[in-house]
Amino acid sequence: LFSGRVDFLLSAPQLKFLPDPDVPEIAFCGRSNVGKSSLLNALTGRRAIARTSVTPGRTQELNFFEVGEPTLFRLVDMPGYGFAKAPVAVVEKWRKLVRTYLRGRQVLARNLVLVDSRHGLKDVDREMMKMLDEAAVGYRVVLTKADKIKASDLAKVVAATEAEAKKHVAAYPHIHVTSSEKGMGIDELRAAVLSDAGV
Ligand code: GDP
């Protein structure tokens, strides 16, 4: 399916620019530099569907990609968070855009919260998970760049993430271990995304 059509649709810096809610959406979020663009590219088998986030102007936008012909579902690249020195106004704008999208988007089927395997959950990820819980949006936690740490350290991060995820009663999240670079966990995650999208 992913090997069929995957097209960039639009960027929405404000919610009035969202596409019509006519197909399911699967959204991807995470701290900046978590490996979100690489993961989207690995899942879709495209080199440059999501450009790696060196383009600062894109950081505050929701980017929509359509999958299938006719469109079966959309992938939504959410703005990265956790910039070390982001001005308060920028963080507030991010929070408002994300919260409003999460609360109002009936077609949003699942969110994928990306977390760097080397770092584990950070407070900004916890804030994101809280916003998802409050909006009653189910999510998966995706550990990225798993090739970058030792298996024993990875096991610890998985256990810690699982232990914390259990506290979220609203939606018990699945945890995926991935490496876009090595292709690890990608087929499983792709199957999960397709299932979440109902296709
Ligand atoms: P984004 O800012 O979340 O979109 O992150 P990118 O996809 O641009 O990745 C940030 C950096 O991490 C880049 O230098 C990538 O090459 C690197 N990276 C992303 N995924 C992986 C991975 O699975 N393994 C390794 N070793 N590096 C990765």
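# Report on the fold and its residues

Asn-33 counts as partly exposed because 15 other C-beta atoms lie within 10 Å. Here a residue is buried if 20 or more other C-beta atoms lie within 10 Å of its own, exposed if 12 or fewer, and partly exposed in between, with C-beta atoms placed from the backbone. The model is predicted, and local features need pLDDT of at least 70, side-chain atom pairs count only at pLDDT 80 or more, and totals for chains, interfaces and linings use all residues. Residues are numbered from 1 along each chain as its sequence is written.

## The sheet

Seven strands form an open sheet in the order S1-S3-S4-S2-S5-S6-S7, and their pairing is mixed; strands (E, at least two residues) and helices (H or I, at least four) are DSSP runs, numbered from the N terminus, and two strands pair if DSSP finds at least two bridges between them. At the edges stand strand S1 (6-12) and strand S7 (174-177), each of which pairs on one side only. Neighbouring strands of this sheet are turned by 25° against each other on average, with direction ignored.

Helix H3 packs on the sheet, where it touches S2, S5 and S6, and its direction makes about 170° with that of S5. Helix H4 also packs on the sheet, touching S5, S6 and S7, and its direction makes about 160° with that of S7. The angles run from 0 to 180 degrees between N-to-C directions, the axes being lines fitted to C-alpha atoms, for helices over the stretch in contact, while a contact between two residues requires C-beta atoms, placed from the backbone, within 7 Å.

Strand S4 pairs with S3 in the antiparallel sense over five bridges and with S2 in the parallel sense over four bridges.

The buried residues of helix H2 are Val-98, Tyr-101 and Leu-102. They lie on the same side of H2, because they cover an arc of only 95° around the axis, taken from the directions from the helix axis to the C-beta atoms. On the other side of H2, Val-88, Ala-89, Glu-92, Lys-96 and Gly-104 are exposed. What covers the buried residues includes strand S3 (62-67), strand S5 (108-116) and helix H3 (123-134).

## Loops and backbone

Most residues other than glycine have a negative phi, and most peptide bonds are trans.

| Residue | Phi |
|---|---|
| Asn-33 | about 75° |
| Ala-136 | about 55° |
| Gly-68 | near 95° |

Asn-33 is found in the loop between strand S2 (25-30) and helix H1 (36-44). Ala-136 lies in the loop between H3 and strand S6 (139-144), and it counts as exposed because it has 10 C-beta neighbours inside 10 Å. Gly-68 belongs to the hairpin of S3 and S4, which has five residues between the strands. A cis peptide bond, with omega of about 0°, joins Glu-69 and Pro-70, and Pro-70 is found in the loop between S3 and strand S4 (73-77).

Val-23 has its place in the loop between S1 and S2 and is partly exposed, with 19 C-beta neighbours inside 10 Å. Not counting residues up to four places away in sequence, Val-23 touches Thr-71, Leu-72, Phe-73, Arg-74 and Val-107. The C-alpha atoms of Val-23 and Ala-197 are separated by 8.7 Å, although these residues are 174 residues apart along the chain.
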